[in-house]
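Here's a quick briefing to read with the model open beside you.

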Amino acid sequence: MSFAGRPFTPFAVAVLGCCAGLTLIGPASADVVPPRTAPAAAPRPDDDSSANSRVIRVEARLYVGEELDLGAAGRSAGDQFVFSGDLASTEGGEERVVGSIGGFCVITELERNAGQCASTAVLPEGQITVQGRQAGIPVPGPVVNAVTGGTGAFRRAHGQVTQRVLTPATWQLTFELLDVRPHRPEDGRGPDEAPTPVRPSLPGK
């Protein structure tokens, strides 16, 4: 895998997160923890047990990772990192594309190589949006960002995503979601939310 333009630098998102601590997890997969329903008794206000929870583990396989040198030449506030790729599952030892991801980061602090990142993970059941601050390029360890919303089954979802950079073009993502609801046809979902297994060929600059 190769990237066009300047050397690829993993300015992590993040999902999801975007660009989203947990302990180190094993091979990424799209396995899902079955939803759990709250007991009849009303939970305490700070108790999340009333929400249906779900864990989704995937790997982001990036085919676009581009640093944009904006404004003053060289590293400066406002520079951006843009990325996109497939979301893959390796559940059962068989790798398959289950969705896609795309997003960007804007550098806001040079001393820490930190910036604000936003991304969107697209899965068959809907989209998951992620936002948060990330420090360090490349990211030396897990990055946790907030899940800010979604569509379809994730229309009321909140939680966090943990991202671990395995290689510059491979990220391990673990979404921990609360308040995941079954998707209803009347909620609507655009055709762009279906997985896109065919990756474009990117010519070098």
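Is Arg61 buried or exposed? Arg61 is buried, with a relative accessible area of 16%, where buried means under 20% relative accessible area, exposed means over 50%, and partly exposed is anything in between (1.4 Å probe, protein chains only).

A word on ground rules. This is a predicted model, so local features need pLDDT of at least 70 and side-chain atom pairs count only at pLDDT 80 or more, while totals for chains, interfaces and linings use all residues. Residues are numbered from 1 along each chain as its sequence is written, and side-chain values use heavy atoms, with hydrogens and water left out.

**Arg61 and its surroundings**

- Arg61 lies in strand β1; helices (H or I, at least four residues) and strands (E, at least two) are DSSP runs, numbered from the N terminus.
- The Arg61 side chain makes a polar contact with the side chain of Glu59, at 2.5 Å. A polar contact is a pair of N or O atoms within 3.5 Å; within protein, one must be able to donate a hydrogen and the other to accept it, and residues adjacent in sequence count only if both atoms are side-chain atoms.
- Leaving out residues up to four places away in sequence, Arg61 touches Gly85, Asp86, Ala88, Thr90, Glu95, Ala169 and Thr170 (contact means heavy atoms within 4.5 Å).
- Arg61 and Ile101 are 40 residues apart along the chain, and their C-alpha atoms are separated by 8.9 Å.

**How the strands pair up**

- β3 and β4 run antiparallel and pair over nine bridges; two strands pair if DSSP finds at least two bridges between them.
- Within that pairing, Gly103 has Ser119 in β4 as its bridge partner.
- The β3 and β4 hairpin has four residues between the strands, and Asn113 there takes a positive phi near 50°.
- Strand β4 (residues 114–123) is joined to β5 by ten bridges, again antiparallel.
- β4 and β5 also form a hairpin, this one with two residues between them.
- On to the next neighbour: β5 pairs with strand β6 (residues 143–150) in the antiparallel sense over four bridges, with Thr129 opposite Gly149 in β6.

**The disulfide**

- Count the cysteine sulfur pairs within 2.5 Å and you get one disulfide.
- That disulfide joins Cys105 to Cys117, S to S 2.2 Å.
- The pair links distant parts of the chain, with Cys105 in strand β3 and Cys117 in strand β4, twelve residues apart.
- The torsion about the S-S bond of Cys105 and Cys117 is about 115°, so the disulfide is right-handed.
- Cys105 and Cys117 are both buried.

**Core and aromatics**

- The largest nonpolar core has 25 residues, and Leu87, Ile128, Phe154, Leu173, Phe175 and Leu177 touch the most other members. A nonpolar core is a set of buried Ala, Val, Leu, Ile, Met, Phe, Trp, Tyr and Cys residues joined through side-chain atoms within 4.5 Å.
- Two or more residues of this core come from each of β1 (53–68), β2 (80–89), β3 (96–109), β4, β5 and β8 (170–178).
- In soluble globular proteins, nonpolar side chains tend to be buried together.
- Rings of Phe, Tyr and Trp (its six-membered ring) pair if their centres lie within 6.5 Å; planes under 30 degrees apart count as stacked, over 60 as edge-to-face and the rest as tilted. By that rule there are two aromatic pairs.
- The Phe81 and Phe83 rings have centres 5.7 Å apart and planes at 25°, so this pair is stacked.
- Phe81, Phe83 and Trp171 form one aromatic cluster.
- Phe81 counts as buried at 2% relative accessibility, and Phe83 counts as buried at 2% too.

**Two polar residues to look up**

- Gln134 sits in strand β5 (residues 126–135) and counts as buried at 1% relative accessibility.
- The side chain of Gln134 makes a polar contact with the side chain of Asn145, at 2.6 Å.
- Glu91 is found in the loop between β2 and β3, where it counts as partly exposed at 38% relative accessibility.
- The C-alpha atoms of Glu91 and Val58 are separated by 9.2 Å, with the residues 33 apart along the chain.
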